[in-house]
Amino acid sequence: MSRRRIGYEYRRIPQEEVFSRDSVDGFTPEQFLKPPQKIPWKAIIFSTFLCITGAISLVFGILIAIGHIHEKYLDRQLPLFILGSIMFIPGCYHVTVAYRAFMRHPGYSFEDIPDFD
């Protein structure tokens with residue numbers, strides 16, 4: 001039986017006070033409801049920025065490699081490839097996850113995108 005401490009002594013809690021909740025086991029149905037998904041707008045905007053900037057860097061790296069941009073910029077080819085890849089891959093991944101979560105494809109949710117709040 002449950003008891004409460006009053007000062008230095010314990011008193012017995014009446015049975016109706018112990019079971020005065022909505023259900024006998026102490027759980028309410030509301031605690032099992034999933035809250036609505038919050039859309040992480042900051043993360044989606046940042047991912048879009050990374051995806052676009054990475055794609056532009058990769059395109060310029062490719063244009064330098066095939067010779068459409070003057071050869072005096074040949075020393076900038078490798079950094080453009082590396083930085084473009086580092087930005088494009090995670091940016092494109094998170095934009096894809098955000099798009100599929102927005103379209104409610106099974107297995108995708110906004111909880112998979114890190115939130116910056």
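Leaving aside neighbours within four places in sequence, Gly54 contacts Gly84, Met87 and Phe88. The model is predicted. The protein chain has 117 residues, and 19% of them count as buried. Gly54 is one of the buried residues, at 0% relative accessibility.

**Overall architecture**

- The protein chain holds 3 helices and 2 strands.
- Read from the N terminus, the order of elements is β-β-α-α-α.
- Take the contacts between residues at least 6 apart in sequence: 49% of them join residues at least 24 apart.

**Gly54, in helix α2**

- Gly54 sits in helix α2, which covers residues 41-66.
- Its relative accessibility is 0%. Buried means under 20%, so Gly54 counts as buried.
- Gly54 and Leu83 are 29 residues apart along the chain. Their C-alpha atoms are separated by 7.0 Å.
- The contact partners Gly84, Met87 and Phe88 exclude neighbours within four places in sequence.

**Ile64, also in helix α2**

- Ile64 lies in helix α2.
- Its relative accessible area is 7%, so Ile64 is buried.
- Beyond four places in sequence, Ile64 is in contact with Ile69, Tyr73, Leu74, Gln77 and Leu80.
- One of these partners is Leu74. Ile64 and Leu74 are 10 residues apart in sequence. In space they are 6.3 Å apart, C-alpha to C-alpha.

**Ser109, after helix α3**

- Ser109 belongs to the segment that follows α3, the helix of residues 77-102.
- At 14% relative accessibility, Ser109 falls under the 20% cut-off. Ser109 therefore counts as buried.
- Setting aside residues up to four places away in sequence, Ser109 touches Gln37, Val97 and Ala101.

**Points to check in the viewer**

- Which residues does Ser109 touch, not counting those up to four places away in sequence? They are Gln37, Val97 and Ala101.
- What separates the C-alpha atoms of Gly54 and Leu83? The distance is 7.0 Å.
- Is Ile64 buried or exposed? Ile64 is buried, at 7% relative accessible area.

Definitions and conventions
Residues numbered from 1 in each chain as written. Predicted model: local features only at pLDDT ≥ 70, side-chain atom pairs only at ≥ 80, totals over all residues. Heavy atoms only, no water. Helix = DSSP H or I, 4+ residues; strand = E, 2+ residues; numbered from the N terminus. Buried < 20%, exposed > 50% of the residue type's maximum accessible area, 1.4 Å probe, protein only. Contact = heavy atoms within 4.5 Å.
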